[in-house]
Amino acid sequence: MSEKRLPIEDRRMIELADTYQTPFHLYDEKGIRAQARAFKDAFSWVPGFKNYYAVKACPNPAILQIMKEEGFGADCSSLPELILSQQAGISGEDIMFTSNDTPDEEFKAAYDMKAVINLDDITHIDTLERAAGMPELISFRYNPGPDRTGNAIIGNPVEAKYGITTEQLLPAYKRAQELGAKRFALHTMVASNELDGTYIVETARMLFAQAIRLNKELGIRMEFVNMGGGIGIPYRPDQDAMDLPWVSGQIRELYEQMIVPAGLDPLKIVFECGRMVTGPFGYLVTKVRHVTEKYKKYVGVDSSMANLMRPALYGAYHHITVVGKQDAAKTEVYDVTGSLCENNDKFAIDRTLPPIAPGDVLVIHDTGAHGHAMGFNYNAKLRSAEYLLEESGDVSMIRRAETMDDLFATLHF
């Protein structure tokens with residue numbers, strides 16, 4: 001079971017909501033650091049273990065600085081993400097650049113930064129060579145196609161636009177060798193928000209098998225395998241977090257059974273998880289504007305899907321705390337809505353909650369990944385501020401709220 005608690009006392013949360021303009025996202029530094037350390041501890045047996053934090057999850061330099069201090073790298077998919085990581089002090093091979101449909105100038109930027117370039121398509125080998133040159137270390141994103149079932153969120157690998165097929169792997173690495181590559185890595189991404197640890201274990205088995213195959217057929221020795229991200233978080237209170245120590249133990253057994261006898265030890269194992277590191281430690285703080293009753297009961301808040309689009313986009317569940325009323329009887333059924341001109345602008349549908357009144361503070365949980373990052377300006381909504389709840393207990397602004405001047409800055413009147 002996942003206990004959904006606030007990172008501070010109710011009184012303090014209400015004070016923050018009264019002090020700062022709602023809505024805003026709040027991130028719990030203590031929780032984020034503890035999660036990062038637990039991840040590293042679980043895989044401490046792995047030589048050179050590293051998690052490349054998925055910048056897309058929460059692209060804020062304050063968060064990336066925490067990742068750097070905890071020994072993580074950065075997983076980037078665009079030039080702005082590369083620059084954000086560099087500005088946070090993450091550089092060189094601590095940056096993984098995995099993109100698709102990539103422009104030449106971004107390949108060149110990643111090459112110049114000496115980032116690890118992870119190619120998504122076999123045709124990108126010659127594109128990279130033309131744009132920047134072949135780096136000494138090259139990685140390829142592997143799409144197993146019909147040989148592996150994608151999880152419910154990421155879908156069937158055969159339908160995915162990402163990656164190099166099983167048949168293309170050998171010619172891809174061979175071509176990279178011909179162009180001067182001397183160090184090699186292998187990547188995949190076949191799961192998203194997965195809570196079943198066996199899925200991650202089977203991903204390791206798949207990558208180990210391909211590393212052995214490439215070694216036998218091309219003489220290539222993989223420097224590392226990148227398991228991708230995909231480790232989920234328990235958004236619902238009745239869900240359990242993935243048992244990382246168990247997953248690590250199972251992968252270690254596979255390592256001893258497959259990698260060691262093949263003579264490929266030591267082989268680094270890395271991840272590029274974002275959601276499981278920061279997701280549970282982000283909170284969208286919003287105030288109730290209106291409580292209305294039509295054919296249903298509605299709670300209208302001052303945030304909208306422009307601040308958190310996962311419920312509208314995926315039908316995703318996010319737990320909601322009515323601050324100060326956690327112990328009150330849940331006697332009402334509400335749709336919790338924003339003010340966009342879209343009927344799917346809802347954080348919850350038919351959610352059982354305690355009685356709610358205008359002015360109440362609601363906290364929407366698990367917004368520390370793919371929350372603020374997926375924001376937008378439809379209906380000319382302004383994107384909210386972000387705050388960091390520091391380990392000391394102080395709260396600091398790490399992104400100010402947008403203003404109308406920001407919104408209009410690119411327009412010609």
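**Notes on pockets and surface**

1. The second largest pocket has a lining of 22 residues, and those nearest its centre are Ser2, Glu3, Gln35, Pro280 and Phe281. The model under discussion is a predicted one.

2. The volume of the second largest pocket is about 510 Å³. Sorted by class, its lining comprises 13 nonpolar residues, four polar ones and five charged ones.

3. Which secondary-structure elements each supply at least two residues of the lining of the largest pocket? The strand β3 (73-76) does so, as does the helix α11 (310-314). As regards class, the lining of the largest pocket contains 17 nonpolar, 13 polar and nine charged residues.

4. Attention may now turn to the surface. A nonpolar patch is formed there by Leu382, Met404, Phe408, Leu411 and Phe413, which together have about 560 Å² of accessible area.

5. Is Phe413 buried or exposed? The residue has a relative accessibility of 84%, and the cut-off for exposed is over 50%; Phe413 is therefore classed as exposed.

Notes. Residues numbered from 1 in each chain as written. Predicted model: local features only at pLDDT ≥ 70, side-chain atom pairs only at ≥ 80, totals over all residues. Heavy atoms only, no water. Patch = residues over 30% accessible without salt bridge, like charges linked within 9 Å, V, L, I, M, F, W, Y side chains within 5 Å. Areas by Shrake-Rupley, 256 points an atom, 1.4 Å probe, with all protein chains shown as cover. Salt bridge = Lys/Arg side-chain N within 4 Å of Asp/Glu carboxyl O. Buried < 20%, exposed > 50% of the residue type's maximum accessible area, 1.4 Å probe, protein only. Helix = DSSP H or I, 4+ residues; strand = E, 2+ residues; numbered from the N terminus. Nonpolar A, V, L, I, M, F, W, Y, C, P; charged D, E, K, R; others polar. 1 Å grid on protein atoms, 1.4 Å probe; cavity = no way out; pocket = protein on both sides within 12 Å on 5 of 7 lines; lining within 4 Å. Points joined across faces, edges and corners; volume = space filled by probe spheres on them.
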